[in-house]
Structure formats: structure tokens, C-alpha cells
Amino acid sequence: MLQIKNIGKNFGGVKAVDDLSFSVDKGEIVGLIGPNGSGKSTTINLICGVFPVDLGNISVDDQNISSLPTHERVASGISRTFQNIRLFKDLSVWQNIWVALQQDSDQSAGWMQEWFGNSKVQKEKIKEILVFSGLGDRFNDLAGNLSFGEQRRLELARAIASKPKLILLDEPAAGMNSDEVADLRQRILDLKKLGLTVLLVEHVMELVMNVVDRIVVLNFGKKIAEGSPENIQNNEDVQKAYLGGG
């Protein structure tokens, strides 16, 4: 589904991503890990179109998206979450989902009617997404009044709402306690059951090792290893990258 071929990105004299290639197959959960500053979030931003690639190509379902603007990449089936929660905290929970649903909205319906909740179709879609995300009872609450874990779930729900084929999760477990991480693990596995493809950037190794099918490891912008969780755990290059020695 996702093909990354020899992509590169420089910021000044720094090679943030250096000749990186890997792929993510349909229905697969792939982890993208590495020490701080290894290029993980830059890679996510290159896939989403936040930054243009300097070299190489990015394709989704054999469509080269390297030069597409961000909104067209969303239309091609890419969705994401962020390291730092980016909800509309002064809007209700359902309104946060409504924003994402407009990608798939019936343009013949007036936006004012839909905004104030008079569209039964929109309401049902929103309820389904929130129930799936464990937020069915928070429909009318302000997003800013949710707990930290619930806000993380709402951000994931908003990513689902655009009907993506591929979801990019950028450190979704950041700031979570152990119970919240366990809940997140199950929700990521539920995404796979829905047929979605996931690229997970994460520092919480307990989550990564228990949810992914395969891992790609970066260091200083380069891929240094790729394989199953078991193989990566025993890889000497990965151990050196994380521990800083032999």
C-alpha cells in the first residue's frame, strides 16, 4: 500500500531523512522507531505533505503522491494523529468529528444544517465513530473537558472519520499511563480488524512490541534495521543506537 523509495530531506546542512526506503502492506501494522532525532516524525510529515521531499518518491496504492498538497493526500486515503494533541478544545466532541467528516460530506446539504446537528445521517456516523472509540457517552461534552486519555481517543476517532486507508500514528502513547497504553493497544488492533493499515511512530516499546507486525528502525535519518519485533530486539545495530555503545 505505502511505498517509500529513496526519500531524502535536508534542513540546512542536516540530513533529517537520508535515502530511506521501506513499504507498508495493506492491513499491516508497521512500527517506525529510533532514538530522538532519528527522523521518525520528519518521515511522517513527508508522507503527509507537511514538508516536500528533496529526493525520492512516496506512493500509496501505486499512486505517486510526492508532489500532492496535504488535502489531496487526505483525499487519497491518508490520515494521521499528532505527538501533541491538536483538538478543537472549545468545540464539542461531536463537532471535532464533524470537521473530519466533511471530507466525505454530502455537498448538497447546507453546512449550517449539518453544523447544528440536524443531519440525521451525519449524527449517526458520528455516534458510530464515538461508540467505536469508547466516547459514546461524551457526545456533547467539550473536547477540552475530556481526560488526557479520552482526548487521545478523540484524536484517533477524528483520524478514523475521514475514512482513511492508511493511518499514521505519531507517538500516540505519549503521556499515557500503563492502563491507557493497554487500551490504546487494543484500539490499534481494532483498526487492523477494520481492514486499516497503520504506521506507528512510538517510543513506548511495550506498545510497539505487542502490536506491530514489523518494525523499521531509523538512526540519524537512515534505516539501520527492519524485521519482526523479535529480530529487532536482538539486533546489535539497534542496541547500539539506543544504548550508545557496543
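Tutor: Start with helix α3, residues 93-101: 8 of its 9 residues are buried, so the helix is largely enclosed by the rest of the structure. The buried ones are V93, W94, Q95, N96, I97, W98, A100 and L101. Here buried means under 20% relative accessible area, exposed means over 50%, and partly exposed lies in between (1.4 Å probe, protein chains only). Helices (H or I, at least four residues) and strands (E, at least two) are DSSP runs, numbered from the N terminus.

This is a predicted model, where local features need pLDDT of at least 70 and side-chain atom pairs count only at pLDDT 80 or more, while totals for chains, interfaces and linings use all residues. Residues are numbered from 1 along each chain as its sequence is written, and side-chain values use heavy atoms, with hydrogens and water left out.

Now turn to the nonpolar cores. A nonpolar core is a set of buried Ala, Val, Leu, Ile, Met, Phe, Trp, Tyr and Cys residues joined through side-chain atoms within 4.5 Å. The largest has 26 residues, and L2, I58 and L199 touch the most other members. Elements that give two or more residues to this core are β1 (2-11), β2 (14-24), β3 (29-33), α1 (40-48), β4 (55-60), β7, β8 (197-201) and β9 (214-219). Look at L2. Leaving out residues up to four places away in sequence, L2 touches F22, S23, V24, I47, I58, S59, V60, L166 and L199; contact means heavy atoms within 4.5 Å. A second, separate core has 24 residues, including I33, L191, I215 and I232.

Helices α6 and α7 pack at an angle of about 10°, with their axes 11 Å apart. That makes α6 roughly parallel to α7, a label for angles under 35 degrees. From α6 come G149, R153, L156 and I160, and from α7 come E180, D183, R187 and L191. These contact residues divide into 3 nonpolar, 1 polar and 4 charged.

A salt bridge is a side-chain nitrogen of Lys or Arg within 4 Å of a carboxyl oxygen of Asp or Glu. K193 and D190 form one at 4.0 Å, N to O. Being 3 residues apart in α7, they are separated by about one helical turn. K193 is exposed, at 68% relative accessibility. By this rule the count comes to 15 salt bridges.

Another joins D141 and R138 at 2.4 Å. D141 is partly exposed at 28%, whereas R138 is buried at 17%. E226 pairs with K223, their closest N and O atoms being 2.8 Å apart. E226 has a relative accessible area of 36%. K223 is partly exposed, also with 36%. Both belong to a network of salt bridges that links E28, R214, K223 and E226.

Finish with two loops. K163 sits between α6 (148-161) and β7 (166-170). Its phi is positive, about 55°, although K163 is not a glycine. K163 is exposed, at 54%. E171 is not a glycine, yet its phi is positive, about 50°. E171 is buried, at 12%.

Key:
Axes are lines fitted to C-alpha atoms, for helices over the stretch in contact, and angles run from 0 to 180 degrees between N-to-C directions. Angles under 35 degrees count as roughly parallel, over 145 as roughly antiparallel, 65 to 115 as roughly perpendicular and the rest as oblique. Ala, Val, Leu, Ile, Met, Phe, Trp, Tyr, Cys and Pro count as nonpolar, Asp, Glu, Lys and Arg as charged, and the others, Gly among them, as polar.
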